[in-house]
Amino acid sequence: MSQLELEIITPERVLVSEKVDMLEAKGELGEFGVLPGHIQFLTTVDIGEIRYFKDGKTYYIATSGGFAEVVNDKILMLLETAELAHEIDVERANVAKERAEAALKEISMDSTEYRMYELALLRAITRITTASKKI
């Protein structure tokens, strides 16, 4: 069976570098999936969960976004941050979630900081959700 070469890179490290069967992620225009033989494309990756499948197992990664490129059965993802589900500190994510929720209650939607706290809340929720999906 044909496989994809997947590389997920953050500023801190190479998180994943292996052959996989399929990848699913959230892009700016919605969810996308990549199988062997996929057409070449370049897209943004939004805050959300990345799933890749290998040898009948599903692996979960939380990301704060970045870019993905698919060329000749190779997926290169350059991400701002990314954490494997088993690496996520759920307690820290819950603290971030509570902090963002409290800030959003206190400031106006017209505030320049509102979007910053909204994105922080989304990242925290993504991390918590992804951490619950450890293999």
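User: What makes V16 a residue in contact with L6, E7, I8, Y52, I61 and L84?

Analyst: Contact means heavy atoms within 4.5 Å. Leaving aside neighbours within four places in sequence, V16 meets this criterion with L6, E7, I8, Y52, I61 and L84. The model is a predicted one, in which local features need pLDDT of at least 70, side-chain atom pairs count only at pLDDT 80 or more, and totals for chains, interfaces and linings use all residues. Residues are numbered from 1 along each chain as its sequence is written, and side-chain values use heavy atoms, with hydrogens and water left out.

User: Which residues have the most contacts inside the largest nonpolar core?

Analyst: They are L6, I8, V16, L23, I61, I75 and M77, in a core of 21 residues. Such a core is a set of buried Ala, Val, Leu, Ile, Met, Phe, Trp, Tyr and Cys residues joined through side-chain atoms within 4.5 Å. Strands supplying at least two residues each include β1 (4–9), β2 (14–20) and β9 (74–79); strands are DSSP runs (E, at least two residues), as are helices (H or I, at least four), numbered from the N terminus.

User: Why is S111 called partly exposed?

Analyst: Buried means under 20% relative accessible area, exposed over 50%, and partly exposed in between (1.4 Å probe, protein chains only). S111 has 25% relative accessibility and therefore counts as partly exposed. S111 is found in the loop between α1 and α2.
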